[in-house]
Amino acid sequence: MQEAMQKFGRFLSAMVMPNIGAFIAWGFITALFIPAGWIPNESLAEMVGPMSKWLLPVLIGFTGGEVVYGHRGGVVGGIATAGIIVGTDIPMFMGAMIMGPIGGIAIKKFDEAVQDSIPGGFEMLVNNFSAGILGGLLACLAYSFVGPLVASLTGILSAAVGAIVSAGLLPLVSIVVEPAKILFLNNAINHGVFTPLGMQQVQEVGKSMFFLIESNPGPGTGVLLAYTLFGVGNAKASAPGALIIHFFGGIHEIYFPYVLMKPTLILAVMAGGISGVFTLSMFGGGLVAPAAPGSFIAIMAMTAPDSYFANIAAVVVATAVSFAVSSVFIKATAKADAESEDSLEKAQANMKAMKAASKGMSTEKQVAGKDIKFIAYACDAGMGSSALGAAALRKKLHKDGFTNITVKNFAIGNIPKDAQIVVSHEKLAQRAIDDSPQAEHIFVKDFTQNNVYDIISERLQGGGVQAVESSGEDNSGAASTLKEGVLLKENVKVGLASVTKEEAIQAAGELLYKSGYVDKPYIEGMLARERDISTYIGKGIAIPHGENAVKEHVKKTGIVVMQYPKGVEFADGNVAHLIVGIAGKGDDHLVIIQNLATITIDYSDEDLEKAYTTKDPQVLFDMFTKG
């Protein structure tokens, strides 16, 4: 049960935490410009409502869909969230957390069901229309059913609060109020239940504690203070700023995500709320009017003349109790939280180490030059970018006489445990570290155009390792001759008209499919791989290939070569004239990869220009098969 709650909390966190910046922006604008704010401004305050009603829920809904199924899931999740926003009058944060993931799941299931049935050339059309139609249907569903469901939940919670108050069990009302706040129903509870009760009591006795039940900042302050002192990673770093906005700005919504990422903290805010209300009852505290927003400053401004001690005590006690309980839960899970955060921190540290090494500075974790025996290049599928990077590094090392160092390529998930140095793309940092924590990691933006050789070479020279004359032995594990059928002459296309990179990759994938190398889903995997990390390798060459998720759709090793004399634009303004589509199974394609490494390292600009413009397919066939 505890593990399930932790997973649920992490999933909610994954939806909310990436958008904390938006919450903080909204909090600042609200605290500054609303009529009760620090510097009231009627015009700028007009942003507050649309941001809370539209911006924040749509961001959460998009992120929820993206967590499930990438950008495509995010788009459908965002559309679905819009339906529930239109269908209600209250901020739909909780509705967004429902509809966002539903949108991601729905489009994912649709794609899995139809991926083998889409006619060639209609993939983009089907993808766009399916996302639009499915998103529209889900928006209608959210408008018609999910919105009214949340409205009913609000009514039930309001009735429960009223029943507890009527029974004379006022402190226990926090058992309902605090969880309801976390569901972003705070305004409905405060203004729909407590404000009418409070206004009636003020007319009778001149003050009311009803105004301070929901607006007491103590429970949230305790949680944020515990994160500030005992949290880890992003939560710890952002908690101090959120605490200031919450306590002095009165924007309670700012702490809700911190509870949602660790649902057991609901017990902490409940305990804080109960103790705060009990303190109010014991000392006879109360406000003369609603404190909106629930800022400590607003509370002091609305405090009855005889209630300053009681109200301050209620805030302090609620903070202390919430902090004490939160600290227990946060400390108890600190190790697990640190492990999940460590991956990112290690990646950042290794990036700094690589930059330091490129400037002649030492890294914190290094394999001594004399001990380097095994270097692994790793990418998602282990058959394209990493193979090319490994071949290029191996060639340079062998050229300098370091033939006793093994350099091989692997898919992340299959990196050997005896790898001493692992080279991978910076976007794959966390996965590479998780797969090979024993190794030193070097991260690059480009698998061929990088300073990895400089780092390794400097290490080898500094470690006193002497280069030896190459024996001609190849320790790469790759085949030394090209297996027949990997590259067919008819699959070398020259003189093609320039298109978009997506169209070029689609064309390469279609040729692989028509030649019997892959199943149809592999093409979408090639496009997904490009969206994740560019396959442009430099020198006017790109090597699109499928991501690891579609590796099972490779029937046999095959390569296609497509020449675009005027070029195809890839990421960062790079232009590819030769696009080499790769479907790798085993080591059959590594000879061509090694030849590609030779081309990127040794070919002159003049030689490459001839390759870009030749009208004879045989020239390119020989270049890739014979080196």
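Reader: Quick one: how many residues of S4 are buried?
Author: 5 of its 5 residues are buried, and S4 is mostly covered. Buried means under 20% relative accessible area, exposed means over 50%, and partly exposed is in between, with a 1.4 Å probe and protein chains only.

Reader: What kind of model is this, and how are residues numbered?
Author: It is a predicted model: local features need pLDDT of at least 70, side-chain atom pairs count only at pLDDT 80 or more, and totals for chains, interfaces and linings use all residues. Residues are numbered from 1 along each chain as its sequence is written, and side-chain values use heavy atoms, with hydrogens and water left out.

Reader: Back to S4. Which residues sit on which side?
Author: Glu 440, Ile 442 and Val 444 are on one side. His 441 and Phe 443 are on the other. Both faces are covered.

Reader: How does the chain get from S3 to S4?
Author: Through helix H16, residues 429–435. This β-α-β crossover is right-handed. That is, with the strands pointing away from the viewer, the path from the first strand over the helix to the second runs clockwise. Helices (H or I, at least four residues) and strands (E, at least two) are DSSP runs, numbered from the N terminus.

Reader: In what sense do S3 and S4 pair?
Author: Parallel, over 5 bridges, with S3 covering residues 421–425. Val 423 has Ile 442 in S4 as its bridge partner. Two strands pair if DSSP finds at least two bridges between them.

Reader: What is the strand order in that sheet?
Author: S2-S1-S3-S4, an open sheet of 4 strands with parallel pairing. S2 (406–411) and S4 (440–444) are at the edges with a single partner strand each, so one side of each has no neighbour in the sheet. On average, neighbouring strands are turned by 25 degrees against each other, direction ignored. Axes are lines fitted to C-alpha atoms, for helices over the stretch in contact, and angles run from 0 to 180 degrees between N-to-C directions.

Reader: New topic: at what angle do H3 and H4 cross?
Author: Roughly 30 degrees, and their axes come within 9 Å. H3 is residues 48–86, and H4 is residues 93–114. That makes the two roughly parallel. The cut-offs: under 35 degrees is roughly parallel, over 145 roughly antiparallel, 65 to 115 roughly perpendicular, the rest oblique.

Reader: And the other sheet, what order do its 5 strands have?
Author: S5-S8-S9-S7-S6, open, with mixed pairing. S5 (487–493) and S6 are the edges, each with a single partner strand, so one side of each lacks a neighbour in the sheet. S7 and S9 (residues 575–583) run parallel, joined by 2 bridges. Ala 542 has Ile 579 in S9 as its bridge partner.

Reader: Where is Lys 539?
Author: In the loop between S6 (536–538) and S7 (541–542). Lys 539 is partly exposed, at 26% relative accessible area. Lys 539 and Tyr 603 are 64 residues apart in sequence and 9.1 Å apart in space, C-alpha to C-alpha.

Reader: Last one: where is Asn 404?
Author: In the loop between H15 (385–399) and S2. Asn 404 is partly exposed, at 41% relative accessibility.
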